Amino acid sequence: MLLLLAIAAPLITGAKTLYLRDVMNTHYEMKWTQAQAMREGRLPLIDLYRGGGQAHLGNPNTVPLYPDNVLFLFAETLWAMNAHFWLHWLIAPFAGFWLGRVLGMRREAAWAVGVIYVTSGFYMATLNLYNLAAPVALAPALLAAGLELAEPTHRKRAFVLGALLWTLMILGGDPMTAAFTLLATLVIVVVRHGRRYPWLGAAGAVALGTGLAAPQWVELLRILSFSYRGFWGFARDMSELGGWRPMDAFDLFIPFFFGRPDVTYWGEAWHAGQVPLFLTYYPGVLMLALMASARSDSRRTLAWAWALVGVSFFFSLGEINPVVVALSKVPGASLLRIPSKLWSLVTLGSAVLCGLAFARLFDHEGRRRLSRPLVVLGLVYLAAWTVMTGWPQAIDAWARTLIAPPADDLFVTHERLRWAGLCLFNLLLVGLYLLCVKAGARRARLSAVALLLAHAATQLFFLRAAFETDYRAPYLERPALFSTVPPGSRVAHGSNMNLFGKEIGNNRSYPDSRLFWRERQLQQDLFPAFGVQGGLRYEFNLTPEGLDSFLSRAVVQIMWDSEDDQRLRLLEAAGVEYLLLHRELEGSALDAVELVLRRPSAGGELHLYRLLDPAPPLRVVGRLRGSNNVNEAMTLILSPEFDHHNAVVLAGEHEPAAGVSGVVRLLRETDESIDAAVSAPNPAVLVVQRTHLPIYRATIDGEPTTLYAADLHRMGVKIPAGEHRVKIWVDRRPLFWAGALAAISALVLTGLAWRGLPPVLSLGDSEAAA
């Protein structure tokens, strides 16, 4: 715990921040928006600063209802976001300890479960994924509560804690991890207790926990069918992004085999052209050896742990597993993404196996069994080091087939030397472990402590790059570009989601190759996570989890395959006023923009363009075309005849119209509502520059009316001729009833905690039958 506190201390004091991957590029923007709303006394259903107003509360990836969000009311946003990571990192060892104790392990072995779990490569790889921090940390505790429910003396405590933990798993940000952890809990209680288990009590705890989390899943269900994941599912390449691959086996023995993520990562070619979700799986030498030597008096526990590892690993293979491919075609299976998330259960089962083996270190036979896999691993590392240093040309040639250009020969040689150094370090570590095992014959407890401490320290040392930090102060500075781009402007950043192609290269002017220099530069370049702090609204800024509007995602995918002039027409139709690019526009694209400034930046120069003819936030148009096809609608919008000031394409079957445009006057606007006075000389359409979502409602002169998808992804309301009052708002009634369900569940759970469980929830099936 002191080691973990020493590593987390810069985050706890606020001196440093995590910055890799989703921390800065995805979740910082979402949490900043939520923090601002909470400080204003509201819980946002819509994030108006992202993607034209995407769903916030209904997207579990934003972790909007987790209890530690209360920190955003009192603390600086970046510090509070980091607290979510280190709080759960410090909690996780105790969750693992509880699981070990419930499984019948002695205290030392149970603590080994917690230590090995939180220092595993997989766990530390989640320290840059905000929506996985809580579910992965609490997974052992959920299993422990499920098992403890079978013990009559602890049944009430297990019931209450189980319900609360299940609530936290749902609210933690990743429903897939929560669901599979619950399934693993179900399997182990069946294996260990069968009909003697209080199944009604377990069902009651799950039901109350689900009720407590009702606002989250009710809002998710409201947007799911309209999201990219719910409407289209994930394409083949997206599935490949998340599966464990055979090449990842190297990473089980050599940490960061594919390169350090904080310096130069080169493994994209082996992961469907993308950086994988988990930057490392490296378990450590001791974890591998303990797993290989695992034995237990409880064969059921041993069998369950191995089954958890094997089955979870089998399904984590994703696209290369024909069973997973077949299951992916089952209706609804496309909602699941990134099968490598099942490594949370692989790691958990492995930690349990390690605990079972660790318990045997206090007798001669257990130490002898551990020595064997340690010797085998030592020989493997010795052979690898010998080959890498004795035949450098051959290994360099082999590595050249793995590492794609533009990496040069010097880089390839550096990687070989890094691998060789890690093999040598692991070889020395094996020697240290063997000495500790031998010393156990005289001082078993001290030997076990030394093993665990050495493992934790070396894992934190080896895998430091998985949770790399940077000083927090640079990310709190106000970017100079805020003085150029007015607050409230609609902005598109060409580097975000590669809207204008992959632009950012390597800037040799950085002091060194560490990745935080690029992240600091993006802060000054008004990347969305930082630009929203100046009140800028970023269009087409979507999250990778697929829970944003499928229509917004469709437009982004079309932009990927378009030329610059077509991209600019789409930006104009969406009302975008400013475009940030890390390259210069050329040709006919220059006719639609004005260059405001250029400045040195990541990959060369940053160009700030002002679009000359963006569509207004609200407009009343008389020219109408209907379309039931995305490609047809896009063809109409991109055609030279389409005037985004006076025409609109509505989803569905509509009679074409060529009327005169009307006038609109905005009376009141909030993040979740619009009130406007409209005057039209003929039937027309009010087009609102907000993302079309199913949670919106609309009235004309107090009468309910239909909202249509306009220009593919915006909102449109058909208006009769004359003067009218149009109101559009987010319907909060389902959230109210979900909140009422959560309140009732909380009252029931409090009552049961106070008065005790009724007999029907306390007895096993066989006891109840008797």
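W244 and W343 are both buried (under 20% relative accessible area, with a 1.4 Å probe and protein chains only). The structure is a predicted model, in which local features need pLDDT of at least 70 and side-chain atom pairs count only at pLDDT 80 or more, while totals for chains, interfaces and linings use all residues. Residues are numbered from 1 along each chain as its sequence is written, and side-chain values use heavy atoms, with hydrogens and water left out.

Aromatic pairs, defined for rings of Phe, Tyr and Trp (its six-membered ring) with centres within 6.5 Å, number 34. The pair of W244 and W343 is stacked, at 6.0 Å centre to centre and 25° between the planes (stacked, under 30 degrees; edge-to-face, over 60; tilted, the rest). W244 lies in the loop between helix 13 (236-242) and helix 14 (285-292), and W343, 99 residues apart from it, in helix 17; helices are DSSP runs (H or I, at least four residues) numbered from the N terminus. The two tryptophans belong to a cluster linked by ring pairs that also includes F122, F278, Y281 and F313. F258 and W266, both buried, form an edge-to-face pair, with ring centres 5.5 Å apart and planes at 65°.

R520 lies over the face of W517 at 5.0 Å from the ring centre, and R553 over that of Y228 at 4.8 Å.

Conventions: Helix = DSSP H or I, 4+ residues; strand = E, 2+ residues; numbered from the N terminus. Buried < 20%, exposed > 50% of the residue type's maximum accessible area, 1.4 Å probe, protein only. Lys NZ or Arg CZ within 6 Å of the ring centre and 35° of its normal.
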